[in-house]
Number of protein chains: 4
Amino acid sequence: MTSLRLLYLGPPGTFTEVAAGRAPGASGAERVPVASVDAALNGVREGEADLAVVPIENSVEGGVTSTLDALGAGRPLSIRAEVLVPVSFVLAVRPGTALVDVRRVGSHPHALAQCRGWLARQLPRAVTVPALSTAASAQVLAGASGDAPYDAALCAEPAALAAGLEVLERDVADNAGAVTRFVVVGRPAAPPPPTGSDKTTVVASLAQDRSGALLELLEQFATRGINLTRIESRPQGTELGRYTFSIDCEGHVADPRVSEALMGLHRVCPQVRYLGSYPRADGLAPVPPAGTADRDFTAAREWLTQLLDSGEASA
Amino acid sequence: MTSLRLLYLGPPGTFTEVAAGRAPGASGAERVPVASVDAALNGVREGEADLAVVPIENSVEGGVTSTLDALGAGRPLSIRAEVLVPVSFVLAVRPGTALVDVRRVGSHPHALAQCRGWLARQLPRAVTVPALSTAASAQVLAGASGDAPYDAALCAEPAALAAGLEVLERDVADNAGAVTRFVVVGRPAAPPPPTGSDKTTVVASLAQDRSGALLELLEQFATRGINLTRIESRPQGTELGRYTFSIDCEGHVADPRVSEALMGLHRVCPQVRYLGSYPRADGLAPVPPAGTADRDFTAAREWLTQLLDSGEASA
Amino acid sequence: MTSLRLLYLGPPGTFTEVAAGRAPGASGAERVPVASVDAALNGVREGEADLAVVPIENSVEGGVTSTLDALGAGRPLSIRAEVLVPVSFVLAVRPGTALVDVRRVGSHPHALAQCRGWLARQLPRAVTVPALSTAASAQVLAGASGDAPYDAALCAEPAALAAGLEVLERDVADNAGAVTRFVVVGRPAAPPPPTGSDKTTVVASLAQDRSGALLELLEQFATRGINLTRIESRPQGTELGRYTFSIDCEGHVADPRVSEALMGLHRVCPQVRYLGSYPRADGLAPVPPAGTADRDFTAAREWLTQLLDSGEASA
Amino acid sequence: MTSLRLLYLGPPGTFTEVAAGRAPGASGAERVPVASVDAALNGVREGEADLAVVPIENSVEGGVTSTLDALGAGRPLSIRAEVLVPVSFVLAVRPGTALVDVRRVGSHPHALAQCRGWLARQLPRAVTVPALSTAASAQVLAGASGDAPYDAALCAEPAALAAGLEVLERDVADNAGAVTRFVVVGRPAAPPPPTGSDKTTVVASLAQDRSGALLELLEQFATRGINLTRIESRPQGTELGRYTFSIDCEGHVADPRVSEALMGLHRVCPQVRYLGSYPRADGLAPVPPAGTADRDFTAAREWLTQLLDSGEASA
């Protein structure tokens, strides 16, 4: 019996590994760290693995924009699930270093940014030094001899422990409720059945020569009462001022209100890439405004069918 | 073999009788004048006749608002066709009356209004006297002895001739291109097949407690690129400030863009009454904006079907 | 000392005369009935009178569309006030006629329509006969000898009494809360100061060659959170399908939110005619949505002024 | 005489230094490299320098999101000008290395991404290695002895030459027209006069509890016919799904159409930060749709002023 193979944005010890360990439907999977979001997604595209886990929103590791770009281009992929992981850093040092000795703090720039207030209060004289990832800052610090580029690393606790570092402080963060969102990605497949608490992800480009094109895109959702839970612009890369939009909306492609909105996008946008419908990690169910519940769409279609048959309809 | 029976807003000699004579699909019908729009429509509702011909837009006979109100309430009816009739009045007098003798001109107030400029130029000293219809003004003038309430009648030429009056002036009108639009109404039936040049008529009420409700109604058409050829508000009669809207839009209920707009109306309006899809008298075909042609709706649905099946879709 | 001279749509005994008697700021005016809305408004235009009182909404006398058309064209006029009059008909007969004797009921067609249900219940066998006004129906009935065209008239009580008729039934109406709205019209003048409970009336035409023009018009109000209390389409008279819109909105032209909306109309509509800002008869004050109160407009302008001065602004 | 002091995102040899050398109004300035966008902007905030030059759009150096975040928070700053710099990389090596020897290529991840196609064609077997900046990759390569982490660096030509490297290939890029946009930032000041070809930059947050808030934001621009040349979402950092929007629009804060849109933003958004109006580097002038030119706004205001004075207005 062969088990699932799952790639995640490494190195081990990052929050992405935590997310990989919690991915729905992948509990027994072989988990393999790779060096980049591109490597993780291409591994799935090429059949070297079944699933990839990559950060998509508010990450401390900087993988977000590369995730959006990599999902939006190349061979199609499909988001199967999302995982939310609370962000909680530790301040890690080589054994023997005390807080008063810390003059330089290394980490990924996003992690340093998220702890800027804490550092200003607790280590007002320390300077920050950028590293390629939070886990890398731990490894570099552990591996360096006397000439380490920094005295402490801001990283996830598993990375600190794996590197043999000592944890000086826990729960280092300016915003106690910070969360990173990850997605579990596979090759395209029919979406799972709606659960009543779903999200749908699409990438849409705008017609270049039409003012108001973004407005038109958003109206496809607004006129069906569909909330967006995320909208991010990404430059198309060809010239300044041209964007695609990466969007998460509430609901499932099989819900009438969502399917009609997606068909509307297909009509008004030059390109639309559907990236999947999947259960929400927070379990929230949408509360559609009057006239936009699925039952309203169903009733409207029944009414139309009666009209086409007989020229009149009840109600 | 029984022939069709068609009721029209009388009396004979009005523009409505002209329209009744040109009603598509009713060339051999028995044509019966009735006293009111209500009588014509109720006669069809109750099976006393097969069809009714009533003015619906820009009429000189004043039947328009009563037509809108009568179609919008009561048992459902179905518009089968429309007929356009150019409006052309004559100034009719009793034999022997000269233009210089005309001191008082009688007609329906709408006809008087449409000839206001002509009267001011040609008969600057004449006063106008309201009558119940243009044809009635001819009959009253013909039937009166010395005490006629007016010296000339503004009416359609057949009415003048039928009453034994003499025509002093033809083509009396301020606006040479004036046209009245009539509809041919039957009991509800499946709509005729689309011709590519069709109109659809609906009546929709607005949710009372939502600001922007009219905007929301119009967006159902605008987001599908559908032009409205007529929109008229009618008071609901229950209190000031409450309206229903009588709307003609381009296209046929079986066209995907129109069917989706109608389903949208059904969702956002408390009440929608479909009054029929029928060929346009002017033969014009819609020119939908980018992304709103029927083929765009069809392509979008095919794309969605692929997504639901396999999670990905070409294009 | 000269008093005000006020023209109203006659004859005496109609609901318009009742409204004229209650017109704000005209308590001592000389009140003169005239034969048509046009006559009333033109009398003011030409300086023969100071004010006119005409029905504008939901009238039983049929003056509404002619009022809208007459205000929307010709030399400018200005609405100074509005008056609401409850609609309450009586069934009037010649002395000696009993209810069981009533076979024919005469009145203006709108009055007959408003009492259709009552007539069907109380006088199921009676036919209705159209007359030129409710007051005229009383006068005709009173003046006729044995050959009266109807046995009873539906009219306002004063008209019945003035004609010497007897009142058989009071409060004849299908809708107990029916109200007619009248406006008091003068020559253009600077608007009265805002009261906090005002209305503004405008007439706007649509650009002929732009789809979505009505949507654009409505957005000028919607984006400032302004409710419309009346919107009515009127054919422009030049060809089918071309309309102007007569609109009452909440607020006063001197309110920032309203002034900005009117400037928006001026930009997007080929023609806009301002017809006045005046106190609401119902005393209701608007409840603007978040961000559209006058104080929000004022704060936004102060913020802008700071930016223009210094490149930054508080809040 | 004291000259201007200008900070730019270093190290020397990056495209940002090129932009700093072309900054309008800063030709004689002392140019000082700093380690981060934050350091550059804070130096200006604290008066240590007069101007900062930082990348804002489509940069290869990765400074974009940190620029957006740093401009959007903290003490206000003001954009004075923009500079466009074509992106053109060289492939630089230590003297003696031939193209066939290149197995590993180092650079900032964004530069590697922009040359992905070129690398796949010219160096199909080479792996890519991330560095902290393009200039840093040159310095690291030049400074390393036998154990360099890569055999070639992708960087700007000045950086290669300054590090003593040899240029193997010029014009390395997948997209020949790639451009990076930089802004010149100072402390807040009254904006320069409009030139007819200007841009305005703002940051706006969305009301958290209102669906359709982004639509409402965009309508402030769309209803005034204002094109957006850039719109980017930035997470607010407090919780998933909350965004601010960084926006460049055509026009100048002193243009009536822009000033009205900004006031609209101020009304509907919880927070708006104005970041300046400045000449466009491309010299393009807007072509406003019908009804949204500055003269239309001016005419509308004159019309309103007449109404407020006299109750009527010409046109």
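**Entry 1: domains of chain A**

I began with how chain A is divided. I found three domains in chain A: domain 1 (1–87 + 177–189), domain 2 (89–172) and domain 3 (191–315). I noted that this is a predicted model.

Next I looked up how far apart the centres of domain 1 and domain 2 of chain A are. Taken over C-alpha atoms, they are separated by 26 Å. I then listed what each domain puts into their contact. Domain 1 of chain A gives 9 residues, and domain 2 of chain A gives 14 residues. I sorted the domain 1 side by class. I got 5 nonpolar, 3 polar and 1 charged residues there.

**Entry 2: chain A against chain B**

I turned to the contact of chain A with chain B. Chain A supplies 33 residues and chain B supplies 33 residues. Which elements of chain A give two or more residues to this side? I found α9, β14 (272–279) and α10 (294–310) of chain A. The largest share comes from α10(A), with 10 residues. I also noted the classes on the chain A side: 18 nonpolar, 9 polar and 6 charged.

**Entry 3: a helix pair across the two chains**

I picked one pair of helices to follow. Helix α9 (residues 256–268) of chain A packs with helix α10 (residues 294–310) of chain B. I read an angle of about 125° and axes 9 Å apart. That angle makes α9(A) oblique to α10(B). I wrote down the handedness too: the crossing of α9(A) and α10(B) is right-handed.

Then I listed the residues that make the contact. From α9(A) come A:Ser259, A:Leu262, A:Met263, A:His266 and A:Arg267. From α10(B) come B:Asp296, B:Phe297, B:Ala300, B:Arg301, B:Trp303 and B:Leu304. By class, I get 6 nonpolar, 2 polar and 3 charged residues in the contact of α9(A) with α10(B).

**Entry 4: one residue in chain C**

I moved to C:Ile247. I located C:Ile247 in strand β13 (residues 243–250) of chain C. Is C:Ile247 buried or exposed? I found 21 C-beta neighbours inside 10 Å of C:Ile247. The cut-off for buried is 20 or more. So C:Ile247 counts as buried.

I checked its contacts next, leaving out residues up to four places away in sequence. C:Ile247 touches C:Val202, C:Ala204, C:Leu228, C:Arg230 and C:Ile231. I also looked up C:Ser233, which is 14 residues from C:Ile247 along the chain. The C-alpha atoms of C:Ile247 and C:Ser233 are separated by 8.8 Å.

Technical notes: Residues numbered from 1 in each chain as written. Chains lettered and ligands numbered in written order. Predicted model: local features only at pLDDT ≥ 70, side-chain atom pairs only at ≥ 80, totals over all residues. Axes fitted to C-alpha atoms, helices over the stretch in contact; angles between N-to-C directions. Helix = DSSP H or I, 4+ residues; strand = E, 2+ residues; numbered from the N terminus. Parallel < 35°, antiparallel > 145°, perpendicular 65-115°, else oblique. Left-handed = near helix turned anticlockwise from the far one by under 90°. Contact = placed C-beta atoms within 7 Å. Nonpolar A, V, L, I, M, F, W, Y, C, P; charged D, E, K, R; others polar. Buried ≥ 20, exposed ≤ 12 C-beta atoms within 10 Å, placed from the backbone. Domains from an automatic or database assignment.
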